[in-house]
Amino acid sequence: AQQPPDSCQTLCRCLEAVKTVKCVDGNLTAVPSDLPPYVRTLLITGSRLARLPAGAFPAQRLPHLSALNLSDNHLRAVEAGALATLPALRQLDLSGNPLVSLSPLAFGEGGSPLEELALRGALRDQGVLLSLAAMLQSGTLRNLSRLELADNGLLLLPAGMFTALPSLRQLDLSNNSLVGLWNVSFQGLGQLQSLDLSGNSLSVLRNGTLSQFRSLPALRRIALGRNTWVCDCAIEDLVAWLKESDQVEGKEALTCSYPEKMLGKALLKMDSSDLDCSVPVDLPSQLQTSYVFLGIVLALIGAIFLLVLYLNRKGIKKWMHNIRDACRDHMEGYHYRYEINADPRLTNLSSNSDV
């Protein structure tokens, strides 16, 4: 069968002067097999690659390829070893692909020189997110300095996802749906300079997270805009941190989203008198208070019951004597009937008297 035209010269532009190959909107179904060895930058976008199998890039044929853009290709699967034969790869863009499978061994079992990884809009599948976390935690991408995870609708991040990225300088988590960071550890990110959390659904940042931010020596830019801050008692720590920290970019523009009476109020202009702390917002403390109150009520009921018993001790004693006498009479009746039934003479006498 005749192979569809997929060569570099037919469907791509090979620009030797700038060491670049561009394959744009070419309906490629596979990576061209005859890419020139001089290529440093490869752009394949607008095609239908579907999957990136092991050996997708000819082994030892692309020794200088450092920037690979595979965005918007309808790519669904990146298989084990698919990117393992690119010794100079520094930048990879997989954005805009509807990934359903991402092998943690996509870069092979050894370490990768990759420094920048973009996955904008490519992590809609929860399984792919977990696979990415496994890949990052394995230490394969220890050289990664920039990681883009924006526009993925993420609600929560896998615990420990960033613990094996000692070289990370920029982390973009913007335009997701993150509701909290309580299970996210930023420890170990000693080189982190920029953290973008804008455009999420964060309502508060707890002390544990704020302490991590304070402990990162290189972190100088944190973006927190366009989040749904809830201005109740739980936000006091965040407000105090904002007032003392110079890490947050544009912190003057951060405003309350709830409750309605606080809508639009700047976080930096809040003080304790603005917050309604009449209702506990800490559920464990609320439950603890309820248990204490229940214990007090039960203790009072027990004390009242003992007091009633003490005040009616004579009546109770008489009542106990009456019960004892009744039980004694009842038992004597049973004893008398037993003796009659046990003695044949008394049984015959009882029968004759009935006649």
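# Close-up views of a predicted model

Buried residues make up 38% of the 355 residues in the protein chain. Please keep in mind that this is a predicted model. The legends below take you through it one view at a time.

**View 1. The protein chain as a whole has seven helices and 16 strands.** Start here to get your bearings. Among the contacts in the protein chain with a separation of 6 or more, 63% are between residues 24 or more positions apart.

**View 2. Phe57 and Phe162 touch the most other members of the largest nonpolar core.** This core has 84 residues. Helix 2 gives the largest share, with six residues. As general background, nonpolar side chains tend to be buried together in soluble globular proteins.

**View 3. Helix 3 and helix 4 meet in a left-handed crossing.** The axes of helix 3 (residues 207-215) and helix 4 (residues 236-244) come within 10 Å and cross at roughly 20°. Angles under 35 degrees count as roughly parallel, so helix 3 is roughly parallel to helix 4. On the helix 3 side, the contact is made by Asn207, Leu210, Phe213 and Arg214. On the helix 4 side, look for Asp237, Leu238, Trp241 and Glu244. Sorted by class, the contact of helix 3 with helix 4 has four nonpolar, one polar and three charged residues.

**View 4. Thr45 is a buried residue in strand 3.** Its relative accessible area is 15%, and buried means under 20%. Which residues is Thr45 in contact with, leaving aside its neighbours within four places in sequence? They are Cys23, Val24, Asp25, Ser71, Asp72 and Asn73.

**View 5. Gly108 lies in the loop between strand 8 (101-102) and strand 9 (116-118).** Is Gly108 buried or exposed? At 12% relative accessibility, Gly108 counts as buried. Not counting residues up to four places away in sequence, Gly108 touches Ala84 and Thr140. Gly108 and Ala84 are 24 residues apart in sequence, and their C-alpha atoms are 4.9 Å apart in space.

**View 6. Lys19 and Asp151 each have a positive phi.** Most residues other than glycine have a negative phi. Lys19, with phi near 55°, lies in the loop between strand 1 (13-15) and strand 2. Its relative accessibility is 30%, so Lys19 counts as partly exposed. Asp151 has phi near 60° and sits in the loop between strand 10 (146-148) and strand 11 (170-172). Asp151 counts as partly exposed too, at 26% relative accessibility.

**View 7. A cis peptide bond runs from Tyr258 to Pro259.** Most peptide bonds are trans. For the bond from Tyr258 to Pro259, omega is near -10°. Where is Pro259 placed? You will find Pro259 in the loop between strand 16 (256-258) and helix 5 (283-311).

Technical notes. Residues are numbered from 1 along each chain as its sequence is written. This is a predicted model: local features need pLDDT of at least 70, side-chain atom pairs count only at pLDDT 80 or more; totals for chains, interfaces and linings use all residues. Side-chain values use heavy atoms; hydrogens and water are left out. Axes are lines fitted to C-alpha atoms, for helices over the stretch in contact, and angles run from 0 to 180 degrees between N-to-C directions. Helices (H or I, at least four residues) and strands (E, at least two) are DSSP runs, numbered from the N terminus. Angles under 35 degrees count as roughly parallel, over 145 as roughly antiparallel, 65 to 115 as roughly perpendicular and the rest as oblique. A crossing is left-handed if the near helix is turned anticlockwise from the far one by less than a right angle, and right-handed if clockwise. Contact means heavy atoms within 4.5 Å. Ala, Val, Leu, Ile, Met, Phe, Trp, Tyr, Cys and Pro count as nonpolar, Asp, Glu, Lys and Arg as charged, and the others, Gly among them, as polar. A nonpolar core is a set of buried Ala, Val, Leu, Ile, Met, Phe, Trp, Tyr and Cys residues joined through side-chain atoms within 4.5 Å. Buried means under 20% relative accessible area, exposed over 50%, partly exposed in between (1.4 Å probe, protein chains only).
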